[in-house]
Amino acid sequence: MACIRAPRSVRGSVDDIKADSTRNIVQIYTDWANYYLERGGSKRRVIDLQADLCDGVLLADLVEAVSKYSLVLLFCF
């Protein structure tokens, strides 16, 4: 029995599907990070996941919000 497939123009290319999947995953992590930042009391929000977390400042805020520990206290000997 032959498999019935939609025309390629309807299915979209594999690259389009992968790009959509990647965008969805990035949006899920962005929403997750913003949820914890808001819950932790931070005024800052993530817009571009890679660019916003690369300097480490917002990343530290996120780690503190998720772990509920202050990084300053963890690294003071």
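Okay, let's start at Gly41, which comes after helix H2 and has a positive phi, near 90°. Before I go on: this is a predicted model, so local features need pLDDT of at least 70, side-chain atom pairs count only at pLDDT 80 or more, and totals for chains, interfaces and linings use all residues. Residues are numbered from 1 along each chain as its sequence is written, and side-chain values use heavy atoms, with hydrogens and water left out.

Now, H2 itself. Helices here are DSSP runs of H or I, at least four residues, numbered from the N terminus. H2 has 26 residues and spans 38 Å from first C-alpha to last, close to the expected 38 Å; that expectation is 1.5 Å times one less than the number of residues.

Which residues of H2 are buried? Thr30, Ala33, Asn34, Tyr36 and Leu37, where buried means under 20% relative accessible area with a 1.4 Å probe, protein chains only. Their cover includes helix H3 (49-53) and H4.

Take Thr30. Thr30 counts as buried because its relative accessibility is 5%. Leaving out residues up to four places away in sequence, Thr30 touches Val46, Ile47 and Leu49, contact being heavy atoms within 4.5 Å.

On to the largest nonpolar core: Ala33, Tyr36, Leu37, Val46, Leu53, Leu58, Leu62 and Ala65, eight residues. By nonpolar core I mean buried Ala, Val, Leu, Ile, Met, Phe, Trp, Tyr and Cys residues joined through side-chain atoms within 4.5 Å.

Conventions
Buried < 20%, exposed > 50% of the residue type's maximum accessible area, 1.4 Å probe, protein only. Helix = DSSP H or I, 4+ residues; strand = E, 2+ residues; numbered from the N terminus.
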